[in-house]
Amino acid sequence: MDFRRNSVDHPPLTIDSSAVERVSSTKFLGVHITENLTWTTNVTSLNKKGQQRLHFLRRLKRASLPPPILTTFYRGTIGSVLTSCITVWYGNCSAADRKTLQRTVNTAAKIIGAPLPSILDIFLARCSSKASSIVKDPTHPSHNLFQLLLSGR
């Protein structure tokens, strides 16, 4: 990673006498990582998948399924896609990217006819849950980075 304004040509990286190919972005475990660490490519990909699956939610709504079943379908097929690895990328994505994802959630909520948790609420809940599990596990490498407040939180 090189964040300088004037880029410098670096010598090629070699591993076992083979040159490593330089790419502008790659997909690792379903997350698009770009060379400048922006998350627009990842968010665009997730949003596209979510938009495609809204079609099926609309079809189920036309079949007169009740809101609880539609909500379960949303959580399993759309919400799970939009929030995959959210603790990795959401905290550093742009406001426009966040708005794009929230718009898809809002559309799903209108189709279902019931409120759905916002992307931000899901992110905060997952981060809190992850921090809590790290605090409870003394063998975790990041355990020493966390300290409980006097309130026990």
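## Cysteines

The sulfur of Cys-93 lies 12 Å from the closest cysteine sulfur, that of Cys-127, which is too far for a bond. A disulfide is a pair of cysteine sulfur atoms within 2.5 Å, and a search of the whole structure finds 0 of them. Cys-85 is likewise in no disulfide, its nearest cysteine sulfur being that of Cys-127, 12 Å away.

Cys-93 counts as buried because its relative accessibility is 7%. Cys-85, at 36%, counts as partly exposed. Here buried means under 20% relative accessible area, exposed over 50%, and partly exposed in between, with a 1.4 Å probe and protein chains only.

## Basis of the model

The model is predicted: local features need pLDDT of at least 70, side-chain atom pairs count only at pLDDT 80 or more, and totals for chains, interfaces and linings use all residues. Residues are numbered from 1 along each chain as its sequence is written, and side-chain values use heavy atoms, with hydrogens and water left out.

## The nonpolar core

A nonpolar core is a set of buried Ala, Val, Leu, Ile, Met, Phe, Trp, Tyr and Cys residues joined through side-chain atoms within 4.5 Å. The largest one has 24 residues, and those with the most contacts inside it include Leu-57, Tyr-74, Leu-116 and Ile-119. At least two residues each come from α1 (40–62), α2, α3 (86–89), α4 (95–112) and α5 (119–136). Helix α4 gives the most, with 6 residues. Helices are DSSP runs (H or I, at least four residues), numbered from the N terminus.

Contact means heavy atoms within 4.5 Å. Leaving aside neighbours within four places in sequence, Ile-119 is in contact with Leu-82, Thr-83, Ile-86, Tyr-90, Leu-101, Gln-102 and Val-105.

Thr-104 lies in helix α4 and counts as buried because its relative accessibility is 0%. Not counting residues up to four places away in sequence, Thr-104 touches Asn-47, Gly-50, Gln-51, Leu-54 and Leu-82.

Thr-71 belongs to helix α2 (residues 67–82). At 13% relative accessibility, Thr-71 also counts as buried. Beyond its neighbours within four places in sequence, Thr-71 is in contact with Ile-112 and Leu-116.

## A nonpolar, polar and charged lining

The lining of the second largest pocket divides into 5 nonpolar, 3 polar and 2 charged residues. Among the lining residues are Ser-128, Val-135, Lys-136, Phe-146 and Arg-153. In this grouping, Ala, Val, Leu, Ile, Met, Phe, Trp, Tyr, Cys and Pro count as nonpolar, Asp, Glu, Lys and Arg as charged, and the others, Gly among them, as polar.

Notes
On a 1 Å grid over the protein atoms alone, a cavity is a set of points where a 1.4 Å probe fits but cannot get out, and a pocket is an open set with protein on both sides within 12 Å along at least five of seven lines; lining residues have an atom within 4 Å of a point.
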